[in-house]
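Open your viewer and get ready to click along. This tour goes from the whole chain down to single residues, one selection at a time.

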Amino acid sequence: MSSDNRVIIYTDGACSGNPGPGGWGAILEFNGKSKEICGGEPETTNNRMELTAAIEALNCLKRSSEVLLHTDSKYVMDGITKWMHGWKRNNWKTAAKKPVKNQDLWMALDDAIRSHDIEWKWVKGHAGINGNEKADELANKGMDEYR
């Protein structure tokens, strides 16, 4: 992927209690410009907010794009890179034949990735990485109205 024409995305989710009020945030950067998005829900989980951040960020893209998407969520990272293929093959069931948790969001993410060439990158949360710190601020902002 050429870094000159790809969209750089940082995503994060937050939850006060798990479940509890939650928020998601993302920052998208392309060609020297950036866009910040966030939102929240009154009763949710951290994993749902992490997934929602990635879905909402990808759904902002108006055309097929090369994307470098950063997440500090091992759940999202492992789900998209290791587990989803098997879940889809097994009709959205885990290896233990149980329904996939957050299936609605995993299916939405599966739809959101279809037209993009995405490199997924895990980053350590709260480690001073500017994009990740900003996504965390946006997730907390999204959660604010539900606290």
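Predicted model: local features only at pLDDT ≥ 70, side-chain atom pairs only at ≥ 80, totals over all residues.

**Stop 1: the whole chain**

Start with a cartoon of everything. The chain has 4 helices and 5 strands, and from the N terminus they run β-β-β-α-β-α-α-β-α. Along its principal axes, the C-alpha trace spans about 45 × 40 × 25 Å. The radius of gyration is 15 Å, close to the 15 Å that the globule rule gives for 147 residues, so the chain is as compact as a globular protein of that length. Colour by accessibility and you will find that buried residues make up 47% of the 147 residues.

**Stop 2: the main core**

Now select I9, L58, V67, L69, W106, L109 and W120 and show their side chains. Within the largest nonpolar core, which has 31 residues, these are the ones with the most contacts. Which elements build this core? At least two residues each come from β1, β2 (20-30), α1 (46-59), β4 (66-71), α2 (74-89), α3 (103-113) and β5. The biggest contribution is that of α1, with 7 residues. Apart from this core lies another, of 6 residues, including I8, L68, A135 and L138.

Next, centre on W106 and show its surroundings. Leaving out residues up to four places away in sequence, W106 touches L51, Y75, V76, G79, I80, M84, W87, W92, V100 and K101.

**Stop 3: one face of α3**

Keep W106 in view and select the helix it belongs to. The buried residues of α3 are L105, W106, L109, D110, A112 and I113. Look down the axis of α3: these residues fall within an arc of 165°, so they line one face of the helix. An α-helix has 3.6 residues a turn, so residues three or four places apart point the same way. What does the buried side of α3 pack against? Its partners are α1, α2 and β5.

**Stop 4: salt bridges**

Switch to charged side chains. The whole structure holds 9 salt bridges. Begin with E119 and R6, whose closest N and O atoms are 3.3 Å apart. E119 sits in strand β5 (residues 117-122) and R6 in strand β1 (residues 6-15), so this pair ties together parts that are 113 residues apart in sequence.

Then select K88, D110, D111 and R114, which a network of salt bridges links. Inside that group, R114 meets D111 at 3.5 Å, N to O. R114 is exposed, with a relative accessible area of 59%, and D111 is partly exposed at 48%.

One more pair to click is R147 and D144, whose side chains meet at 3.2 Å, N to O. Here R147 is exposed at 55% and D144 partly exposed at 45%.

**Stop 5: the cysteines**

Select the cysteine sulfurs. How many disulfides does a search of the whole structure find? It finds 0. C15 is in no disulfide, and the nearest cysteine sulfur to its own, that of C38, is 15 Å away. C38 itself is partly exposed, at 31% relative accessibility.

**Stop 6**

Finish with the backbone torsions. Most residues other than glycine have a negative phi, and most peptide bonds are trans. Select N18 and P19: the peptide bond between them is cis, with omega near 20°. P19 is placed in the loop between β1 and β2.

Two residues other than glycine with a positive phi are worth a look. W92 has phi near 60° and lies in the loop between α2 and α3. H126 has phi near 55° and lies in the loop between β5 and α4 (130-144). Are they buried or exposed? W92 is buried, at 10% relative accessibility, whereas H126 is exposed, at 59%. W92 also takes you back to the second stop, as one of the residues that W106 touches.

Terms used:
Residues numbered from 1 in each chain as written. Heavy atoms only, no water. Disulfide = S-S within 2.5 Å. Buried < 20%, exposed > 50% of the residue type's maximum accessible area, 1.4 Å probe, protein only. Salt bridge = Lys/Arg side-chain N within 4 Å of Asp/Glu carboxyl O. Core = buried A, V, L, I, M, F, W, Y, C linked by side-chain atoms within 4.5 Å. Contact = heavy atoms within 4.5 Å. Arc of directions from axis to C-beta. Rg over C-alpha atoms; globule rule 2.2 N^0.38 Å.
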